[in-house]
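Subject: Structure handover

Hello,

Please find the structure below, with the sequence alongside. My notes on what was found in it follow.

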Amino acid sequence: ILSNLSLDLNRERLHLINILEQQPFSFIQTSIDSMNESEHRILRKGTELSKILSNIKLLQKKNIKIKVNTTVSQYNYKSIMDVVRYVYNEGIESLHINHVLPFGRAKGITDDKFFIDIIHSLLEVASSKEFNGIKEHSITFPSESIPISFIGSKYEDILKVYANGNKNKYLSSQSIFN
């Protein structure tokens, strides 16, 4: 079940939780993008972090597995390790971290000056003991970082080709695989 978990657990929802409790492979997937309530409100409008965290505790008592999704953006890249530490310390077994960059679906919404900072925060997460200590963990690095690093590393080669007017010369023997 995919839910933001920012909801009151009324009779119908508790009935569903009781059904899930009987199924050992059931899990509820939710999103936590920040451990700071005000930052969370910016990133997940209409939800309450405190309610989500309270509901996670209740679900854990009922042995229902939780999967946390986190989206890293210009608004939370500095504090993303707080989410990772929360998931790790609470014994949540599944965490997936994704990114929002100024390309594709976020074009015009996010500021591209944060691109490098977001990449650095993802590298910090990927190398942390907490992230690697979570049973099921994944992180999506932006595919946009591959061509940018390649182009940056070949800058002098590119200048030589265009300075000499020789457009048939190979720039490098390296290849990119995506």
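In these notes, helices (H or I, at least four residues) and strands (E, at least two) are DSSP runs, numbered from the N terminus. The model is a predicted one.

Overall layout

The chain contains eight helices and four strands. In sequence order they follow the pattern α-β-α-α-β-α-β-α-α-β-α-α. Of the 178 residues in the chain, 37% are buried. Among contacts with a separation of 6 or more, 69% are between residues 24 or more positions apart.

Helix H3

H3 covers residues 49–61, which is 13 residues. From first C-alpha to last, H3 reaches 19 Å, close to the 18 Å expected at 1.5 Å a residue. Which of its residues are buried? They are Leu49, Ile52, Leu53, Asn55, Ile56 and Leu59. Viewed down the axis of H3, these buried residues fall within an arc of 165°, so they line one face of the helix. After H3 comes Asn63, which has a positive phi, near 60°.

The nonpolar core

The largest nonpolar core has 30 residues. Those that touch the most other members are Ile32, Ile56, Val84, Val87, Leu95 and Ile97. Two or more residues each come from H1, H3, E2, H4, strand E3 (94–99) and helix H5 (115–126). H4 gives the largest share, six residues. Ile56 has already come up as one of the buried residues of H3.

Leaving out residues up to four places away in sequence, Leu95 touches Val68, Thr70, Val84, Val87, Phe131, Ile134, Glu136, His137 and Ser138.

Thr47

Thr47 sits in the loop between H2 and H3. Is this residue buried or exposed? The relative accessible area of Thr47 is 9%, and the cut-off for buried is under 20%, so Thr47 counts as buried. The side chain of Thr47 makes a polar contact of 2.8 Å with the side chain of His40. A polar atom of the Thr47 side chain also lies 2.7 Å from the backbone oxygen of Arg44. Apart from neighbours within four places in sequence, Thr47 is in contact with Asn4, Ser6, His40, Arg41 and Ile52. Ile52 belongs to the buried set of H3.

Salt bridges

How many salt bridges are there? The count comes to five. Three of them are described here.

Lys57 pairs with Glu90, and their closest N and O atoms are 2.9 Å apart. Lys57 is partly exposed at 43% relative accessible area, and Glu90 is partly exposed at 27%.

Arg85 and Asp82 form a salt bridge with an N to O distance of 3.4 Å. Both are in H4, three residues apart, about one turn of the helix. Asp82 is partly exposed at 38% relative accessibility. Arg85 is partly exposed as well, with a relative accessible area of 33%.

Arg85 also forms a salt bridge with Glu130, whose closest N and O atoms are 4.0 Å apart. Glu130 lies in helix H6 (residues 129–132) and Arg85 in H4, so the pair ties together parts that are 45 residues apart in sequence. Glu130 is buried, with a relative accessible area of 14%. Through shared partners, the salt bridges join Asp82, Arg85 and Glu130 into one network.

Where to look

If you open the file, these are the places I would start:

- Helix H3 and its buried residues, which line one face.
- Leu95, one of the core residues that touch the most other members.
- Thr47, with its 2.8 Å polar contact to His40.
- The network of Asp82, Arg85 and Glu130.

Regards

Definitions and conventions:
Residues are numbered from 1 along each chain as its sequence is written. This is a predicted model: local features need pLDDT of at least 70, side-chain atom pairs count only at pLDDT 80 or more; totals for chains, interfaces and linings use all residues. Side-chain values use heavy atoms; hydrogens and water are left out. The expected span of a helix is 1.5 Å times one less than its number of residues. Buried means under 20% relative accessible area, exposed over 50%, partly exposed in between (1.4 Å probe, protein chains only). The arc is that of the directions from the helix axis to the C-beta atoms. A nonpolar core is a set of buried Ala, Val, Leu, Ile, Met, Phe, Trp, Tyr and Cys residues joined through side-chain atoms within 4.5 Å. Contact means heavy atoms within 4.5 Å. A polar contact is a pair of N or O atoms within 3.5 Å; within protein, one must be able to donate a hydrogen and the other to accept it, and residues adjacent in sequence count only if both atoms are side-chain atoms. A salt bridge is a side-chain nitrogen of Lys or Arg within 4 Å of a carboxyl oxygen of Asp or Glu.
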